[in-house]
Amino acid sequence: MILVNTDYITGKEFEMLGLVKGSTIQTKNIGKDITQSFKTLVGGELGAYNQMMNEARALATKRMIADAETMCADAIVNIRYATSAIMQGAAEVIVYGTAVRFVEKI
């Protein structure tokens, strides 16, 4: 599966199959939440939240790919990510794009 955030793939012609998406809502446990709140006092990167968001993006992407595979897609173009806070310490990640199937050049 080819994944790109452009609306084309160099050297490929394709037909659009439709919108595909994947999402997840992630949170950290209360212990991590407390330790990360202390980090705000001194500044710096919130490593546990960074890891949480990386895992959330990976899971959402995996779900989007599974959606595209049900359409027999060869690639997903014009991929976009969006994030929103659900509550303190919890975030939703959604990824979406257009599933496409390659066609033979004539």
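Me: In which strand is Ile86 found?
Reply: In this predicted model, the secondary structure comes to two helices and four strands, and from the N terminus on the elements run β-β-α-α-β-β. The strand that spans residues 75-87 takes in Ile86, and this is strand β3.

Me: Is Ile86 buried, exposed or partly exposed?
Reply: A residue is called buried under 20% relative accessible area and exposed over 50%, with partly exposed in between. Because the relative accessibility of Ile86 is 45%, this residue counts as partly exposed.

Me: Which residues form a nonpolar patch on the surface, and with how much accessible area together?
Reply: Ile86 belongs to this patch, and its other members are Ile25 and Met87. Taken together, Ile25, Ile86 and Met87 have an accessible area of about 320 Å².

Me: Which residue in β4 does Met87 stand opposite?
Reply: The strands β3 and β4, the latter covering residues 90-103, pair in the antiparallel sense over 10 bridges. Within β4, the residue that stands opposite Met87 is Ala90.

Me: Which residue in β3 is the bridge partner of Leu3?
Reply: Strand β1, made of residues 2-3, pairs with β3 in the parallel sense, and this pairing runs over two bridges. For Leu3, the bridge partner in β3 is Ile76.

Me: Is Thr24 buried or exposed?
Reply: Thr24 lies in strand β2, which covers residues 13-27. The cut-off for buried is a relative accessible area under 20%, and because Thr24 has a value of 7%, this residue is buried.

Me: With which side chain does the side chain of Thr24 make a polar contact?
Reply: Leaving aside residues up to four places away in sequence, Thr24 touches Ala56, Leu59, Ala60, Arg63, Ala91, Glu92 and Val93. The polar contact of the Thr24 side chain, at 3.2 Å, is with the side chain of Gln26.

Me: Among contacts between residues at least 6 apart in sequence, what percentage join residues at least 24 apart?
Reply: The question concerns the protein as a whole, and it counts as contacts those pairs with heavy atoms within 4.5 Å. Among contacts between residues at least 6 apart in sequence, the share that joins residues at least 24 apart is 74%.

Terms used: Residues numbered from 1 in each chain as written. Predicted model: local features only at pLDDT ≥ 70, side-chain atom pairs only at ≥ 80, totals over all residues. Heavy atoms only, no water. Buried < 20%, exposed > 50% of the residue type's maximum accessible area, 1.4 Å probe, protein only. Polar contact = N/O pair within 3.5 Å; in protein donor to acceptor, adjacent residues only side chain to side chain. Patch = residues over 30% accessible without salt bridge, like charges linked within 9 Å, V, L, I, M, F, W, Y side chains within 5 Å. Areas by Shrake-Rupley, 256 points an atom, 1.4 Å probe, with all protein chains shown as cover. Salt bridge = Lys/Arg side-chain N within 4 Å of Asp/Glu carboxyl O. Pairing = 2+ DSSP bridges.
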